[in-house]
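Let's take a walk through this structure together, one stop at a time. Have the sequence and the 3D view ready, and follow along as the residues come up.

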Amino acid sequence: MSEAGNWCLIESDPGVFTELISGMGVRGVQVEEIWSLDESTMEQLKPILGLIFLFKWQGASGSEPTVTSTGQPEAATDHIFFANQVIQNACATQAILSILLNRDDIELGQELRNFKEFTGDFPPDMKGLAISNSDLIRSVHNSFARSDPFVNEMQDPRAGKDEDLFHFIAYLPIHGALYELDGLSKGPVNLGACTDDSWVGKANEAIMSRMEKYGASELHFSLMALTKDRIELYQEQMEEVDGMLLSLPEDATEERRRLDDDRNLLGHKLQLEKEKRARWHRENTLRKHNFVPMIYNLLRTLAERKELDPLITTAKEKATTRAAEKAKKKAEKQ
Amino acid sequence: PDNQQSPLSLTDVLTTQTLTPLLNDREICSALFPFLPEESERSPEEVRQVVQSPQFQQALATLSFALESGELGPLLTQLGLDPSAGTSVESFLRAIEQQARRREQERNNDAMDED
């Protein structure tokens, strides 16, 4: 893998992805995490523009699962934006781009539209390089790094000694067929004909079969949906209801009551969505915050109150107990 | 590495139990305002919420890991600590402890000078 500048590890979180997308200049979409593959969950998220299936393989390198798909990769075709994965940490952003750049109904913004045009004729490996060399994409991606002065130079602490493998695969319909876009594959995989209504169900089947194939408990899965911006969606729906209310005849009280109820429900959903967005923004602010001065000052205050020394002793005891328990568990396993 | 001393974690030092009395102290909270994110409101309640956030926990874990990796020399100098404090979580905590004792002594000396 080549190193085109530094790409930091970012958290796989709908709030991070949503702000990342709008940071690239894209308008009118957001990301939602999907907790269950049942139909009613999918129904609530409609319209879904694309799905991102991601998993983290925790294990020694060399024993990673063979990435076999349910179909055969096609040679990259002109009408599909398909990029090979060049940099490990960029893969989330790359999966998001796979959806954004393959839909004609998303407002990309000037810079990303230029990028799409510029790279249109590139082969998959060059597209991957172009992503990793794009100042816009890299700087937005890296803005979600924690700003601790040291964090970018080291690995994620949760990764431990064996480097975890993150893998992201995008699913979306392109010109009447469901496609699986996996940066580690040779090309886009056509999973068969679909309609705008049937593709989500078909994609879920493909995801389920992948999950079954891996099966191992060491795999952590998650699924994200790229959807229309829900704040805009609810606002549009409220305007529609308002229009209907205006055109109602005076005596249509029953109908008026029904529409009023609809309007209240939409208002409630809109409010919840706004609160969620504010929460996401706050979480992102905290993610980007450098906490070292805060931590140092808390510790210094404890030292001034003569509480730090005994705390060091307690923490040492805890660490020793933890190590002993770990050793015991390890011995039991063998 | 089994016989090696098991490393401390800052999450075992700055526990909820340790932090609660500090965060209930208005004066201590006010002294922490400069270290809040820029867009945060300057209030004791905000300090409490920020310190209790999962992101703060994550920062504790990250800093612990970085200290154990022993590559934090320049950062420690910025905090007025000796670069040698950056070899483990324990040496970092001991350095803060010594710094506090040294400052206390300096204050006492100053007070005696004034007498």
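Start with Thr227(A). Leaving aside residues up to four places away in sequence, Thr227(A) touches Gly28(A), Val29(A), Gln30(A), Glu32(A), Leu45(A), Pro47(A), Ile48(A) and Leu49(A). Where does Thr227(A) lie? You'll find Thr227(A) in strand β6 of chain A, which covers residues 219-228. Is Thr227(A) buried or exposed? With a relative accessibility of 0%, Thr227(A) counts as buried, since anything under 20% goes into that class. Keep in mind, as you look around, that this is a predicted model.

Now hop over to Lys46(A), which sits in the loop between α2 (39-45) and β2 (48-57) of chain A. Unlike a buried residue, which would be under 20%, Lys46(A) has a relative accessible area of 36%, so it is partly exposed. What does Lys46(A) touch, if you skip residues up to four places away in sequence? The answer is Asp197(A), Arg230(A) and Leu233(A). Take Arg230(A) from that list: Lys46(A) and Arg230(A) are 184 residues apart in sequence, yet their C-alpha atoms are 9.8 Å apart in space.

Step back and look at chain A as a whole. Its secondary structure comes to 11 helices and 6 strands. Chain A has 334 residues, and buried ones make up 48% of them. If you take the contacts in chain A with a separation of 6 or more, 75% of them are between residues 24 or more positions apart.

Next, bring chain B into view. How many residues of chain B are in contact with chain A? There are 51 of them, and they meet 44 residues of chain A. The size of an interface is often given as the accessible area lost when the parts come together. Here, the area buried between chain B and chain A is about 4,500 Å², with carbon and sulfur atoms giving 69%. On the chain B side, Asp12(B), Phe35(B) and Gln55(B) lose the most area to chain A, and together they make up 14% of what that side buries.

What about polar links across the two chains? Between chain B and chain A there are 11 residue pairs in polar contact, both residues being at pLDDT 80 or more. Several elements of chain B give two or more residues to the side that touches chain A: α1 (16-23), α2 (26-32), α3 (44-51), α4 (54-69) and α6 (89-114). Which of these gives the most? That is α6(B), with 11 residues. Sort the residues on this side of chain B by kind, and you get 29 nonpolar, 12 polar and 10 charged.

Salt bridges are worth a stop of their own. The count over all chains comes to 25, and between chain B and chain A it is 5. One to look up is Lys316(A) with Glu90(B), where the closest N and O atoms are 3.0 Å apart. Another brings together the side chains of Arg282(A) and Glu46(B), at 2.9 Å from N to O. Arg282(A) lies in helix α9 (residues 253-288) of chain A and Glu46(B) in helix α3 of chain B, so this pair joins two chains. Arg282(A) counts as partly exposed at 31% relative accessibility, whereas Glu46(B) is buried, with a relative accessible area of 9%.

Stay in helix α3 of chain B for one more pair. The side chains of Arg48(B) and Glu45(B) meet in a salt bridge, 3.3 Å from N to O. Both residues lie in that helix, 3 residues apart, which is about one turn of the helix. Arg48(B) is partly exposed at 23% relative accessibility, and Glu45(B) is partly exposed too, with a relative accessible area of 39%. Finally, look for Lys306(A), Glu97(B), Arg101(B) and Glu104(B): salt bridges that share partners join them into one network.

Terms used: Residues are numbered from 1 along each chain as its sequence is written. Chains are lettered from A and ligands numbered from 1 in the order in which they are written. This is a predicted model: local features need pLDDT of at least 70, side-chain atom pairs count only at pLDDT 80 or more; totals for chains, interfaces and linings use all residues. Side-chain values use heavy atoms; hydrogens and water are left out. Helices (H or I, at least four residues) and strands (E, at least two) are DSSP runs, numbered from the N terminus. Buried means under 20% relative accessible area, exposed over 50%, partly exposed in between (1.4 Å probe, protein chains only). Contact means heavy atoms within 4.5 Å. Buried area is the accessible area (1.4 Å probe) that two parts lose on being put together, summed over both. A salt bridge is a side-chain nitrogen of Lys or Arg within 4 Å of a carboxyl oxygen of Asp or Glu. A polar contact is a pair of N or O atoms within 3.5 Å; within protein, one must be able to donate a hydrogen and the other to accept it, and residues adjacent in sequence count only if both atoms are side-chain atoms. Ala, Val, Leu, Ile, Met, Phe, Trp, Tyr, Cys and Pro count as nonpolar, Asp, Glu, Lys and Arg as charged, and the others, Gly among them, as polar.
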